[in-house]
Amino acid sequence: MKGITIALSKGRIFEETAPLLAAAGIRAAEDPERSRKLILPTNRSDVRILIVRASDVPTYVQHGAADLGIAGRDVLMEHGGAGLYQPLDLGIARCRMMVAVPEGFDYALAVKQGARLRVATKYLRTASEHFAAKGVHVELIKLYGSMELAPLVGLADAIVDLVSSGNTLRANHLVAVEEIAPVSARLVVNQAALKLRRPLLQPVIEAFATAVRTAAEAA
Ligand code: PRT
Ligand code: MG
């Protein structure tokens, strides 16, 4: 494909990206929430959108199956970023990567006593780097979703997960005890594609940058 391929996930990333795409003059021909198509044409004949799982976006871009993609910093920290140029923080899909424990669990004391914490998460790399840097011994338990359940049923002492409103933690009697990183969505670009096809890709990247600046000024 000679044109531009953009990898996006449905849900909050697509919803919050649509206005930025529109500002760059790109509109999906179909709503990905309704369509079952995985390759969406756009109003521009030279631009198409791939609908992929959020955690798969960096993989598509790294291997050049997509030129551009939008992925949360959480996903990029796990992926590691190889082969990806990350020119822009889009400031959307904001949340925080946190350590959380059941209400009443004395996390500070457990850490101080050098206890070996069982931590459930889908973010193995991020969690392992975080606790290693603190010198805390952990047994990481890999889950694929609903981490909040694990401490409630004795599978783990703590979780590492994303928190935005805090409602999910509250509803499950958990409290956040440590912030690992603030998270927002980033534009990622295949490094080789940017070198070889800069005239095609650069205007789109710049249109995104302008849209992000305009949104920040309006806020
Ligand atoms: O859903 P799927 O398994 O396909 O993948 P995904 O969960 O990675 O994708 P998606 O679309 O749910 O999230 C895409 C991106 O949105 C993530 O990679 C984050 O960068 C970003 N984002 C922003 C969030 C949240 N906010 C968020 N609150 N992703 C997930 N959550 C979840 C969180 O894991 C927790 O279970 O929402 C719950 C907490 O929300 P509050 O509001 O109750 O605190
Ligand atoms: Mg999800």
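Trainee: How far does a polar side-chain atom of Glu148 lie from an oxygen atom of ligand 1?

Mentor: Before that, this is a predicted model, where local features need pLDDT of at least 70, side-chain atom pairs count only at pLDDT 80 or more, and totals for chains, interfaces and linings use all residues. Residues are numbered from 1 along each chain as its sequence is written, chains are lettered from A and ligands numbered from 1 in written order, and side-chain values use heavy atoms, leaving out hydrogens and water. A polar contact here is a pair of N or O atoms within 3.5 Å. For Glu148 and that oxygen atom of ligand 1, the distance is 2.9 Å.

Trainee: And which residue has a polar side-chain atom 2.6 Å from an oxygen atom of ligand 1?

Mentor: Start with the residues around ligand 1, meaning those with a heavy atom within 4 Å of it. There are 22, and Arg53, Asp74, Ser165, Gly166 and Thr168 come nearest. The one with the 2.6 Å pair is Ser165.

Trainee: Which polar backbone atom is 3.5 Å from an oxygen atom of ligand 1, and how much of the ligand does the protein bury?

Mentor: The backbone atom belongs to Asn167. Taken alone, ligand 1 exposes 810 Å² (Shrake-Rupley method, 1.4 Å probe). Of that area, the protein buries 77%.

Trainee: Which element gives the most to the shell around ligand 1?

Mentor: H1, H3, S9 and H6 each give two or more residues to that shell. With three residues, the top giver is S9.

Trainee: By class, how many charged residues does the shell around ligand 1 have?

Mentor: Asp, Glu, Lys and Arg count as charged. The shell has eight nonpolar and six polar residues. The charged ones number eight.

How values were computed
A polar contact is a pair of N or O atoms within 3.5 Å; within protein, one must be able to donate a hydrogen and the other to accept it, and residues adjacent in sequence count only if both atoms are side-chain atoms. Helices (H or I, at least four residues) and strands (E, at least two) are DSSP runs, numbered from the N terminus.
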